[in-house]
Amino acid sequence: MKKYLLCIAICITMPLMFAACKKNTDYFDYVSEYRNSVYFYEDDNITVKIYGVDRETPYALDGIKGNMNSLTEIYYSCEGSANEVEIELGGRGGEMSWLAVTRNYYLSFTGGNLSGASVPVTITVDGVETKIDAFNVAEEGTIDGRTALDCVREYDAESFTSLTHNGVFSGEIIVRLLYDEGCYYYVGVCDGENVHAYLVDGSDGRIIAERESTVED
């Protein structure tokens with residue numbers, strides 16, 4: 001009788017023990033690119049976008065998170081053309097490169113810890129210097145990247161579950177803050193072959209759109 005009761009007790013407690021040992025997955029640990037801040041300036045002649053980014057280096061959309069580095073990325077566009085564009089932000093900067101595909105100038109450097117309501121920027125175009133203040137687009141009430149990812153997980157739990165085994169996620173995640181007269185997040189989930197992307201409202205976490213593509217697209 002005692003052996004029988006002991007067997008019953010083991011059968012009851014074993015599932016509880018396995019449940020206690022089950023790993024909780026922090027999906028943010030699998031984010032291989034996180035654009036966490038956007039600073040913006042625009043007038044009739046120029047547009048400046050500054051991104052604070054944590055990104056794996058070298059960057060490869062292969063479903064595996066690599067070693068992360070913090071970067072500041074700056075994009076500058078203007079009316080007309082220029083022979084030389086230099087930009088300085090917080091004592092860092094240099095000459096910008098022309099990107100023919102997107103038709104703007106670009107510069108990046110290590111360190112992406114931007115903060116505050118605005119950042120002062122000095123732009124020198126063919127020797128003519130201009131000083132501006134780029135403003136932080138993330139207004140009060142804008143959700144952060146972790147919250148945006150949580151909203152996507154809640155919206156499409158099945159996709160995350162299918163890629164998670166014993167608490168380990170078999171993929172990498174991209175989270176980018178976007179700005180277009182308001183804040184949004186791009187959240188992309190890559191399993192190495194396909195990317196399932198979601199557009200998230202930056203104010204309430206609502207999923208606005210979703211799209212699936214292959215890595216080569």
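## Elements and basis of the model

Helices (H or I, at least four residues) and strands (E, at least two) are DSSP runs, numbered from the N terminus. This is a predicted model, in which local features need pLDDT of at least 70 and side-chain atom pairs count only at pLDDT 80 or more, while totals for chains, interfaces and linings use all residues. Residues are numbered from 1 along each chain as its sequence is written, and side-chain values use heavy atoms, with hydrogens and water left out.

## Nonpolar cores

A nonpolar core is a set of buried Ala, Val, Leu, Ile, Met, Phe, Trp, Tyr and Cys residues joined through side-chain atoms within 4.5 Å; buried means under 20% relative accessible area, exposed over 50%, and partly exposed in between, with a 1.4 Å probe and protein chains only. The largest such core has 27 residues, and those with the most contacts inside it are Leu149, Phe160, Phe169, Ile173, Val187 and Val200. Two or more residues come from each of these elements: strand E1 (31-42), strand E2 (46-56), helix H2 (145-155), strand E12 (172-179), strand E13 (183-190) and strand E14 (194-201). A second, separate core has 20 residues, including Val48, Phe109, Val119 and Val121.

With contact taken as heavy atoms within 4.5 Å, and with neighbours within four places in sequence left aside, Val187 is in contact with Ala148, Leu149, Val152, Ile173, Ile174, Val175, His196, Ala197, Tyr198 and Val200.

## Strands E4, E8 and E9

Two strands are said to pair if DSSP finds at least two bridges between them. Strand E8 (residues 118-125) pairs in the antiparallel sense with strand E4 (residues 85-89) over five bridges, and E8 also pairs in the antiparallel sense with strand E9 (residues 128-136), here over eight bridges. Val121, one of the residues of the second core, is the bridge partner in E8 of Leu89 and stands opposite Ile132 in E9.

The hairpin of E8 and E9 has two residues between the strands. Asp126 is found in the loop between E8 and E9, and its phi is near 50 degrees, a positive value in a residue other than glycine; at 41% relative accessibility, Asp126 counts as partly exposed. Glu84, in the loop between E3 and E4, touches Asp126 as well as Glu95, Thr124 and Val125, not counting residues up to four places away in sequence. Although Glu84 and Val125 are 41 residues apart along the chain, their C-alpha atoms are separated by 5.9 Å.

## Salt bridges and a buried threonine

A salt bridge is a side-chain nitrogen of Lys or Arg within 4 Å of a carboxyl oxygen of Asp or Glu, and by this rule the count comes to eight. In one of them, Asp26 joins Arg146, with the closest N and O atoms 3.1 Å apart; this pair links distant parts of the chain, since Asp26 is in the loop between helix H1 (2-21) and E1 while Arg146 is in helix H2, 120 residues apart. Both ends are partly exposed, Asp26 at 30% relative accessibility and Arg146 with a relative accessible area of 37%. Within helix H2, Arg153 and Asp150 meet in a salt bridge of 3.4 Å, N to O, and because they are three residues apart in that helix, they are separated by about one helical turn. Glu33, Arg55, Glu73 and Arg176 are linked in a network of salt bridges.

Thr72 has its place in strand E3 (residues 68-78) and, at 2% relative accessibility, counts as buried. Its side chain reaches the backbone oxygen of Gly111 at 2.4 Å.

## Cysteines and backbone features

A search of the whole structure finds zero disulfides, a disulfide being a pair of cysteine sulfur atoms within 2.5 Å. Cys78 counts as partly exposed at 23% relative accessibility, whereas Cys190 counts as buried at 0%.

A cis peptide bond joins Thr57 and Pro58, with omega about -5 degrees, and Pro58 has its place in the loop between E2 and E3. Asn166, found in the loop between strand E10 (164-165) and strand E11 (168-169), has a phi near 55 degrees, a positive value in a residue other than glycine; Asn166 is exposed, with a relative accessible area of 71%.

Note on methods
A polar contact is a pair of N or O atoms within 3.5 Å; within protein, one must be able to donate a hydrogen and the other to accept it, and residues adjacent in sequence count only if both atoms are side-chain atoms.
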